[in-house]
Amino acid sequence: MIKIPKYQQGILENLPSSAIYLFFVLENKSKLNEVMQALRQLIDGQSTVIGLGEALMHKAELKSDFKAYTPTIKQQKLAPKIHCDLVLWLRDNDQGMLMHKARQMIAIASDAFKCTDISRACTYLTYVEDGKMVDHDLSGFEDGTENPKDDEQFNTAIIISDDKHLDGSSFWTIQKWQHDFEWLDKASQQAKEEIIGRSLDDNREFEDNKPFAHVKRTAQESFEPEAFMWRRSMPWINDKLEGGLMFSCFATSFYPFEAQFLRMTGEEDGVVDGLFKFSKILSTQFLWCPPFVKGKLVLPKFE
């Protein structure tokens with residue numbers, strides 16, 4: 001007998017070559033349950049991953065460890081809180097299919113939600129090496145190098161619980177970073193490598209990194225407890241030729257992201273991550289991804 005996964009499979013699968021992220025704000029609470037049930041019929045957890053945000057989780061009859069993103073004073077300047085109640089990650093290699101799916105989702109959601117952002121995403125310099133897909137950020141650096149391997153991917157990203165409404169769920173943090181490409185174009189390779197702490201040529205981590213190097217700020221095993229997360233980030237672009245990284249990570253709690261982000265923003269020792277030299281954060285969202293049971297999305301009841 002084949003065991004059917006209880007989680008949204010798109011969380012652990014390889015990245016598609018194209019994607020669209022839809023961000024929504026709840027406007028009509030009276031239509032919430034009706035709209036969510038309509039969306040439930042279309043969301044398969046594979047080509048579409050759903051995350052519930054602050055307002056929905058406050059209305060959900062669910063005992064979870066969800067919390068809203070609450071930045072410190074310093075973080076509010078670097079990563080301001082932008083309200084969001086629902087995110088859909090549409091995944092497909094066919095951009096035309098993505099467009100039609102996005103139109104459909106927005107139309108169905110419109111009775112209760114306002115779509116506040118539509119972000120197109122893609123892969124960049126992606127190839128397969130030793131059976132593993134290697135992805136890059138638009139800065140040219142490899143992304144997701146320290147991701148967990150094999151079974152640890154599931155253990156890191158997916159919640160195991162006796163509560164059937166939580167078993168197979170996940171906590172999702174998504175941040176939209178916008179890069180300064182003019183700075184990246186003009187900066188020397190050495191300057192860029194000092195910021196990241198890795199070689200652009202072969203992704204080799206340097207032994208003597210600067211205190212602000214990104215790899216030094218976010219070394220997952222350097223926290224107590226360790227702060228491992230499953231990263232599924234994708235580059236995003238728009239019609240103005242602006243772009244950056246849609247940082248996306250999944251975990252069994254928000255702790256791994258919060259621990260790393262406190263250090264990145266200098267809360268621990270006053271040293272701010274070098275990434276802010278060429279990139280800024282446009283939005284940060286904390287979300288909860290419901291589980292799948294017998295091929296159906298398991299949604300909580302909303303008050």
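Student: How much space lies in the second largest cavity?

Tutor: The model is a predicted one, and its structure holds two cavities of 30 Å³ or more. For the second largest cavity, the computed space is about 40 Å³.

Student: Which strands each supply at least two residues of the lining of the second largest cavity?

Tutor: The lining of this cavity includes Asp 135, His 136, Met 234 and Pro 235. By class, the lining divides into five nonpolar, three polar and three charged residues. The strands that each supply at least two of the lining residues are strand 6 (132-136) and strand 10 (234-237).

Student: Which residues lie closest to the centre of the largest pocket?

Tutor: The largest pocket has a volume of about 700 Å³. Its lining is made up of 37 residues. The closest to the centre are Ile 196, His 214, Val 215, Thr 218 and Arg 231.

Student: Which element gives the largest share of the lining of the largest pocket?

Tutor: Several elements each supply at least two residues of this lining, including strand 8 (170-179), helix 8 (214-217) and strand 11 (243-251). By class, the lining has 14 nonpolar, 13 polar and ten charged residues. The largest share, four residues, comes from helix 9.

Student: Is Ser 119 buried or exposed?

Tutor: Ser 119 has its place in strand 4 (residues 113-122). A residue counts as buried when its relative accessible area is under 20%. Because the relative accessibility of Ser 119 is 2%, this residue counts as buried.

Student: With which side chain does the side chain of Ser 119 make a polar contact?

Tutor: Leaving aside residues up to four places away in sequence, Ser 119 touches Ala 19, Ile 20, Tyr 21, Phe 23, Lys 176 and Met 246. A polar contact requires a pair of N or O atoms within 3.5 Å. At 2.8 Å, the partner of the Ser 119 side chain in such a contact is the side chain of Lys 176.

Technical notes. Residues are numbered from 1 along each chain as its sequence is written. This is a predicted model: local features need pLDDT of at least 70, side-chain atom pairs count only at pLDDT 80 or more; totals for chains, interfaces and linings use all residues. Side-chain values use heavy atoms; hydrogens and water are left out. On a 1 Å grid over the protein atoms alone, a cavity is a set of points where a 1.4 Å probe fits but cannot get out, and a pocket is an open set with protein on both sides within 12 Å along at least five of seven lines; lining residues have an atom within 4 Å of a point. Grid points are joined across faces, edges and corners, and a volume is the space filled by probe spheres set on the points. Ala, Val, Leu, Ile, Met, Phe, Trp, Tyr, Cys and Pro count as nonpolar, Asp, Glu, Lys and Arg as charged, and the others, Gly among them, as polar. Buried means under 20% relative accessible area, exposed over 50%, partly exposed in between (1.4 Å probe, protein chains only). A polar contact is a pair of N or O atoms within 3.5 Å; within protein, one must be able to donate a hydrogen and the other to accept it, and residues adjacent in sequence count only if both atoms are side-chain atoms. Contact means heavy atoms within 4.5 Å.
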